[in-house]
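Biologist: Please pick one part of this model and take me through it closely. I would also like to know how that part sits in the whole.

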Amino acid sequence: MPEIYTPEEDSYLLSKVLKENIPRLINKEKSLKILEIGPGSGIQIQTLLNLGIEKEKIFSADINHEAVIHCQKLGFNCIESNLFEKINDKYDIIIFNPPYLPEDKKEPKDSKLATTGGKEGSEIINEFLKQAKDHLNKDGKIFLLISSLTRQINWLDYNKKIIDTKKMFFEELYVLELTI
Ligand SMILES: C[S@@+](CC[C@H](N)C(=O)[O-])C[C@H]1O[C@@H](n2cnc3c(N)ncnc32)[C@H](O)[C@@H]1O
């Protein structure tokens, strides 16, 4: 059974970015509607709640059934979905800390779903980028985490800005803000 991802450096970097950026976005637009793809343990949606976003405005979808049940038990709106498969709405902000590592045959099957993005590490990200643009409101933003180990990301026509980074000894993590 796939494990629920325990927060790591990537989770903490993304959570820091949300704490630093969501307040200024709340000032512009009081009732932000936010979607997280892949909430896992719920760390990012809990951060949004702590920042003052109402629970009714926070939506999430994970492919891992256990993570969905966990987030629902925390009281969040969470559905089981492969990326946007079961999602029809549009959002002001979409957040994703995806599986971004290239395949490693030694990675246990149970943790693969949360960490491995195919051969190059970008399989899930590229599919996300294709679908996400249809779910962004006008002036909407995406906060996406990637790694220096992720190869061959197809950025399509998104505008991208690096808003935070974290250097570790074997990789560097980046959080990007994407707009259309
Ligand atoms: C690296 S974990 C991040 C978990 C949490 N958001 C965090 O920041 O700690 C990636 C999450 O994405 C989910 N996921 C992987 N592929 C997915 C897909 N195709 N659709 C939806 N969720 C997916 C995994 O189940 C996992 O919960």
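Modeller: Start with a definition. Helices are DSSP runs of at least four residues, strands are runs of at least two, and both are numbered from the N terminus. Counted that way, the protein chain has five helices and seven strands. Keep in mind that this is a predicted model. From the N terminus on, the order is α-β-α-β-α-β-β-α-α-β-β-β.

Our part is helix α3, residues 65-73. Which of its residues are buried? They are Ala-67, Val-68 and Cys-71. An α-helix has 3.6 residues a turn, so residues three or four places apart point the same way.

Now turn to the other face. Away from the buried side, α3 carries His-65 and Lys-73, which are exposed. To count as exposed, a residue has 12 or fewer other C-beta atoms within 10 Å of its own, while a buried one has 20 or more.

What covers the buried residues of α3? The cover includes helix α2 (43-50) and the strands β2 (58-62) and β3 (77-80). Just after α3 comes Gly-75, with a positive phi of about 95°.

α2 and β2 each supply at least two residues of the shell around the ligand, as do α1 (9-28) and α4 (109-115). The ligand is surrounded by 24 residues, and the closest include Asn-64 and Asn-97. By type, the shell holds 15 nonpolar residues, eight polar and one charged.

Now step back to the whole chain. Buried residues make up 34% of its 180 residues. In soluble globular proteins, nonpolar side chains tend to be buried together. Here the largest nonpolar core has 40 residues, and those with the most contacts inside it are Ile-34, Ile-94, Phe-143 and Leu-144. Strand β5 (residues 136-147) gives this core its largest share, six residues. Take Phe-143. Leaving out residues up to four places away in sequence, Phe-143 touches Leu-14, Val-17, Leu-18, Ile-93, Ile-95, Val-175 and Glu-177.

Of the contacts with a separation of 6 or more, 67% join residues 24 or more positions apart. Overall size comes last. The C-alpha trace spans about 45 × 35 × 30 Å along its principal axes.

How values were computed. Residues numbered from 1 in each chain as written. Predicted model: local features only at pLDDT ≥ 70, side-chain atom pairs only at ≥ 80, totals over all residues. Core = buried A, V, L, I, M, F, W, Y, C linked by C-beta atoms within 7 Å. Contact = placed C-beta atoms within 7 Å. Near = placed C-beta within 6 Å. Nonpolar A, V, L, I, M, F, W, Y, C, P; charged D, E, K, R; others polar.
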